[in-house]
2 protein chains.
Amino acid sequence: MNVAVMGYGVVGSGVVEVLAKEHDSIAKRSLQETLEVKYILDLRSFPADPNAAKFTTSFDDILRDASVQIVVETMGGLHPAYEYVLACLQAGKSVVTSNKELVAEKGNVLLRAAAENNVNFLFEASVGGGIPIIRPISQCLAANELDEIAGILNGTTNYILTQMIANHLDFDTALKQAQELGYAEKDPTADVDGHDACRKICILAALCFGTHVYPGEVHTEGIRALTLADVAYAKAWGGVIKLLARAKRGDNSQIEAIVSPALVQNDSQLAGVNDVFNAILVRGDALGDVVFYGRGAGKLPTASAVVADVVDCARNWGKNRMLLWEGARTDYVRDYLDSETAFLVRATAEDVPAALADAERVFGGVHTLTRDGAPAGEFAFVTPADTERALRAKLGALLGVKILSVIRVVGY
Amino acid sequence: MNVAVMGYGVVGSGVVEVLAKEHDSIAKRSLQETLEVKYILDLRSFPADPNAAKFTTSFDDILRDASVQIVVETMGGLHPAYEYVLACLQAGKSVVTSNKELVAEKGNVLLRAAAENNVNFLFEASVGGGIPIIRPISQCLAANELDEIAGILNGTTNYILTQMIANHLDFDTALKQAQELGYAEKDPTADVDGHDACRKICILAALCFGTHVYPGEVHTEGIRALTLADVAYAKAWGGVIKLLARAKRGDNSQIEAIVSPALVQNDSQLAGVNDVFNAILVRGDALGDVVFYGRGAGKLPTASAVVADVVDCARNWGKNRMLLWEGARTDYVRDYLDSETAFLVRATAEDVPAALADAERVFGGVHTLTRDGAPAGEFAFVTPADTERALRAKLGALLGVKILSVIRVVGY
């Protein structure tokens, strides 16, 4: 069976490498035929590459060649990836992608096109790199109502947070180190401000709850504002701060979804996930909690997930996997201010005992925290649980207090 | 599509319950038809059960009814489960089982029968309860050489060990508590002596490495001999003792496989797996380490895994999944004494400084450990890595020393 790879960057070249390395074992172990890369689409030229003869700069070469049955999209970005993928599906080719932006923005349209043309559109590598997560969730869904997902979905920010927690580097120093190690881009916005994690939780939420969620609908906060003081108070509380992406089945056919730093207890399965690793917790009614852990990025892990999807397309040729979700709905994602949470609050005041007594009264009891080396006038506390709206109103009612940071406390 | 359930115990009744609860959503979400339980096979009678009319005591009712296309085997034990399952496969019915003993002893025979009759034999629930592990491993295998698996595969022993570590209960007290809570059987042998974990690692090893492994070939040690002194020395070393089942690709087409207590570092993903939870670590060449975590037993988690397999059988009706492994081979499982490891050793001697100096010399350096409340004459140390055979020979060469316990140190 012939395969085309569109985009010869880190993941695309990894896919070609894994397909070559596993060429014989795929034929022997998983299929009764081989998978051959016939075209590689890239505008750049790679004259020294062993696959030089397979390169093309024209998408039409792939689209018009009926012998290409499976197309891998590893170009990234929304355009022209979307147009190319849609055209391939409509031409009766199965498509595998690692492009989370594409799936988060156009997943339901592309899945419908795949179903209508009796081919498959698979995207295991778009979330969690090499960690099998999309297919296990589909599998769990066959016998469970899934209620909740929470994940450390971005390796770059998790690396930075690990450096802040374990080695007491401040955010800027940790980011610089991550950039030097190649874990963060020169422009780290997509990672550090939570957009990457947001796209991934949109994909997982659509899969679990059956309705498309656009990234723009999900309240997203990154980790730029986090300080070592926050990390120290988290430790005093018995936890760590992680960038969590969360989605949860709510009332009235709504869901809750948010990406933000969150305070996780030390004995949580998510607390010990360090460095560039990812972890995804799925909560089902029959199943209880299941956690998937591994490298969420990297050339070969991600490529191996793409290749597993390619094998799946080949194995199920002529059979659509019935993976589908509905288009986005207005009022489907609940206002995050209506979600229940608790806050870790760091603040300053001229009269700390008076401010704490005030907080105690306003919140009906708070859990006060201390840290070594706190400057005079700083204090911190954890509030009881309430809606975010109510908590923020109460914070606003504190007199003579300057709020420095607010971090949500979660119960995983 | 009609389904029969053989064995109405904890898991079997859970399967009937989940199939009823998810009846409509399975039809809507996963299949274009419904799944109906037509027969329940059990020798006992359940007159008050809402499904009373479906009960039969005759296997032939199921075997001869061509309208039953999928059979669930939740009887447990090897006979007559094996004969029944084989007959069903040969009659062109797909079979789903949660019976680890059956898969560990007869997996390759039954998979071959399924392939020959173009049906499926699926067993997701036989390892890790509700945790999706069999299918994700098959998926990873499509694009990876898997090198190693290590798991906490038995919830009962993990509960007992957690009580010993966190609450300082001794083994007998922790076992009694587990029995009172229903986590351990009245006769706890299969769990406590490692046989249950052994069957599961045999299934995982067969799946990962392609050759059947009989439980009798795997060196298996349980947790009965563990003491709070061992737990304290593990803590002093910076780790915890877990019952680990492990399998690893070795040289000369051999594998290494063992079930035993093992000393795991605190920062390992396996160290924080507490109570009745299970976790399975899979190491692949492209993938790196992936860990799957969740409830390894329990009525509904296990039943949900069975039902997911039933849905998969229905969805892929007429298409064998090409899941196969070869029959067992002589000399395939390497003598565990040839495996490389390190030991945590606890011992007594009349002259401790002399004994430690002797150990230091014999092993070429040891890492000495201490604990509060150690009786006079007790000491403990961790050896450098070597083959188990060499380490045991060196232990035997220590003069005036009584070895109280030896625990393997692992590097996950």
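A:S253 is exposed, because 11 other C-beta atoms lie within 10 Å; a residue counts as exposed with 12 or fewer such atoms around its own C-beta, as buried with 20 or more, and as partly exposed in between, the C-beta atoms being placed from the backbone. A:S253 sits in the loop between β9 (239–249) and β10 (255–265) of chain A, where helices (H or I, at least four residues) and strands (E, at least two) are DSSP runs numbered from the N terminus. Although A:S253 is not a glycine, its phi is positive, about 55 degrees.

This is a predicted model, in which local features need pLDDT of at least 70, side-chain atom pairs count only at pLDDT 80 or more, and totals for chains, interfaces and linings use all residues. Residues are numbered from 1 along each chain as its sequence is written, and chains are lettered from A and ligands numbered from 1 in the order in which they are written. Chain A averages a pLDDT of 96, with 100% of the residues scoring at least 70; pLDDT is the predictor's confidence in each residue, from 0 to 100. For the complex, the predictor gives an ipTM of 0.92 and a pTM of 0.94.

A positive phi of about 55 degrees is also found at B:H168, again not a glycine. B:H168 belongs to the loop between α7 (155–167) and α8 (171–180) of chain B, and is exposed, with 12 other C-beta atoms within 10 Å. Another backbone feature is the cis peptide bond from A:H79 to A:P80, with omega near 5 degrees. A:P80 is in the loop between β4 (68–73) and α4 (81–90) of chain A. In chain B, the peptide bond from B:H79 to B:P80 is cis, with omega near 5 degrees.

Chain A as a whole has 14 helices and 17 strands. Of its 412 residues, 53% count as buried. Helix α6 (residues 134–141) of chain A is mostly covered, with 8 of its 8 residues buried, including A:R135 and A:Q139.

The interior can be followed through two residues of chain B. B:I280 lies in strand β11 (residues 277–284) of chain B and counts as buried because it has 27 C-beta neighbours inside 10 Å. Not counting residues up to four places away in sequence, B:I280 touches B:G128, B:I133, B:I149, B:G151, B:V291 and B:F292; two residues are in contact if their C-beta atoms, placed from the backbone, lie within 7 Å.

The same surface serves both copies, since 100% of the contact residues of chain B recur in chain A.

The contact takes 37 residues from chain B and 37 residues from chain A. On the side of chain B that touches chain A, α2 (23–30), α6 (134–141), β12 (288–295) and α12 (299–315) each supply at least two residues. β12(B) gives the most, with 8 residues.
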